[in-house]
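Work through the exercises below with the model open. Each task is followed by a stepwise solution.

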Amino acid sequence: MQSRDASDLVVLDRAQKHFVITKGLIRRSHRAIRAVDDVSLSIHRGETFGLVGESGSGKTTLARLIPRLTRLTGGRVSFDGRDIDTVGGSELTRIRRRMGIVFQDPASSLSPRATVRGSVIRPLQLQGAGAREAAGRLLETVELVNLGPELLERYPHQLSGGQQQRASIARAIILRPELLILDEPTSALDVSVQAQILNLLLELQREFGLTYLFITHNLSVVRYMSDRIGVMYLGKLVEVGPAAELYARPLHPYTAALLSASPPQTPRLRQRRKFALAGDPPSLIDPPAGCHLHPRCAFTRDICRQERPALRAIGLARFVACHFAEQLALQVGD
Amino acid sequence: MKLPAQLRPVLRNPQFVAGVILLLVVLFSALGADMIAPKSFEEMDIPSSLAPPSRQYPLGTDHYGRCIFSRVVYGSRIALRVGLIVVTIETVIGVSLGLLAGYYGGRVDRVISFVTDLTWALPPIVLALAIVTALGPSLNNVVIAIALVSWAGYSRLIRSKAQSLKNMPYVEAARALGESDFSIMFRYILPNTYGLIIVLATLSVPAAILSTTALSFLGLGSQPPAPDWGVILNEGIAYMHSAPWISIFPGLALVCTALGFNLLGEGLRDLLDPRMKV
């Protein structure tokens, strides 16, 4: 288990989100999709925590647990020491105002019937800010995200993807939150715009000391952005560690496979070792017994089929859920 | 202004244009009835009763010698007013229930959907007949009865739209900002259903007019001597063979009005959502 101290802004303690599916009218069967299964992690103040994993690994569900956009089915999530799942309505609203969220699809993140001004200024209005103060803060924020003030009266469909995402970021930071949850904020944008948005996020972080939860499936982006990285597979966190170390020496076979699946950064790296996984990810409804990765892993032994490896500490800052993390030498070569 | 560029697709849509022209005629006769109609709708001229169309009576007269043209023209007022009132009431009921059912889901949805299915399962005219019988025959009661039995389409449509919209990221963002449920429904979901509502409302006007006319024809709605098209049709059936003009012209007016709204609605649907074109 990970240590918990005052520098942690967000702490997940064995957080669980299972979606129950009920089938059959007479012989009812209940099965659970384990979108997030026993995940424990902490996000330190001021850091960028990168969360990677393939589609369906539970990254987005995990992110939605933090502002309680979806309820936990087990475990605890706390923000600045407050248990998110048990706080009352007005307290929850106060906590939510200390977080901002940016979604993947910029086109559907803003209400199609509201102008940019209407969408971005809304958080201030909800907070009860005066009209003059709100207008001042709006202009200031719009300038921060490099969105021309002439775009304020436009509707989302009249903006480019990058401009839409800047407007979403403006809305997310206008209350000057402490945490920004970035759910694949650049994966819908083309590469040049992606770089602009990433740099904007880095600037904002420097200026306001923001804490980021950065979710992506793009490994080069997450490396560029993150201090620490968590890797998810089938609803479980399989590895956590500082970005540079995790890239240099992955401890979990799944991390190694992800890294070797991303395009090489230099031609020399084409000759690097490859860690391929067999087959497709199994269904979340009926995950394999033991280690979830065992049917696909090249290093599978008997214990992997029977016993689920717990997330355990290796060294000072690294955590991994693999029985053989110490024995496997998984350098991808970089 | 960008109007001309935006008008081009409108003018290229023949359904829409035809609908607008038909409805302009109806609207014009409703608003200008006092100037268009040569006679009052209840002025009798017994000596020239059952007269065929002539210069004095362009569409002939009925058994009391009343001018059919004038009665049909005044009748358009009743038809339009009835159509608008019924549609307004059913829109308000159906849209609110649909929003509640779609947004909250769960138990709220099950109760509302059950009631919706109930009204859907009963033939509207029969249900309306029952209500009018209970309330007593009058045009107002017919309007209330029709509105009360015909909101199910709105409720279902808005419910399914709300179900899909409530998972949009901008609704999630609104929830995360602390918007109330009420505000999310009316600020974020409802405005994105306006297009659907306008089309459905336009397409529902003819049904509303036809149903009220049918009830008036059966003697449950407008009472004589009101120039309701249903009343005129009813009076005309006795003279179907000797004076067919009594029933033909209010019938034609009814068809034109219904057709006008249908064409307008279909045209609007194509214009507001090009993807729905088949």
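Two strands pair if DSSP finds at least two bridges between them. Keep in mind that this is a predicted model.

**Exercise 1. Give the strand order and the pairing sense of the open four-stranded sheet in chain A.**

Step 1. Read across the sheet: the order is β2-β1-β4-β5 in chain A.

Step 2. Check the directions. The pairing is antiparallel.

Step 3. Find the edges. β2 (29–44) and β5 (82–83) of chain A each have a single partner strand, so each has one side without a neighbour in the sheet.

Step 4. Take one pair in detail. Strand β1 (residues 8–23) of chain A pairs with β2(A) over twelve bridges, in the antiparallel sense. F19(A) stands opposite I33(A), a residue of β2(A).

**Exercise 2. Describe how helices α3 and α5 of chain A pack.**

Step 1. Locate the helices. α3 of chain A covers residues 116–127, and α5 of chain A covers residues 161–173.

Step 2. Get the geometry. Their axes lie 7 Å apart, at an angle of about 25°.

Step 3. Classify the angle. Angles under 35 degrees count as roughly parallel. That places α3(A) roughly parallel to α5(A).

Step 4. Assign the hand. The crossing of α3(A) and α5(A) is right-handed.

Step 5. List the contacts. From α3(A) come V116(A), S119(A), V120(A) and P123(A). They meet A167(A), A170(A) and R171(A) of α5(A).

Step 6. Sort by class. The contact of α3(A) with α5(A) has five nonpolar residues, one polar and one charged.

**Exercise 3. Describe the crossing of helices α4 and α13 of chain B and its residue make-up.**

Step 1. Locate the helices. In chain B, α4 spans residues 68–104 and α13 spans residues 245–272.

Step 2. Get the geometry. The two axes come within 10 Å and cross at roughly 35°. The crossing of α4(B) and α13(B) is right-handed.

Step 3. List the contacts. I68(B), V72(B) and L80(B) are the α4(B) residues. On α13(B) they meet W245(B), I246(B), F249(B), P250(B), A253(B) and F261(B).

Step 4. Sort by class. The contact of α4(B) with α13(B) has nine nonpolar residues, no polar and no charged.

**Exercise 4. Does the radius of gyration of chain A point to a compact globule or away from one?**

Step 1. Count the elements. Chain A has ten helices and twelve strands.

Step 2. Along the principal axes, its C-alpha atoms fill roughly 65 × 60 × 40 Å.

Step 3. Compare the radius. A compact globule with 334 residues would have a radius of gyration near 20 Å. Chain A has 21 Å, which agrees.

Definitions and conventions:
Residues are numbered from 1 along each chain as its sequence is written. Chains are lettered from A and ligands numbered from 1 in the order in which they are written. This is a predicted model: local features need pLDDT of at least 70, side-chain atom pairs count only at pLDDT 80 or more; totals for chains, interfaces and linings use all residues. Side-chain values use heavy atoms; hydrogens and water are left out. Axes are lines fitted to C-alpha atoms, for helices over the stretch in contact, and angles run from 0 to 180 degrees between N-to-C directions. Helices (H or I, at least four residues) and strands (E, at least two) are DSSP runs, numbered from the N terminus. Angles under 35 degrees count as roughly parallel, over 145 as roughly antiparallel, 65 to 115 as roughly perpendicular and the rest as oblique. A crossing is left-handed if the near helix is turned anticlockwise from the far one by less than a right angle, and right-handed if clockwise. Contact means heavy atoms within 4.5 Å. Ala, Val, Leu, Ile, Met, Phe, Trp, Tyr, Cys and Pro count as nonpolar, Asp, Glu, Lys and Arg as charged, and the others, Gly among them, as polar. The radius of gyration is taken over C-alpha atoms; the globule rule is 2.2 Å times the number of residues to the power 0.38.
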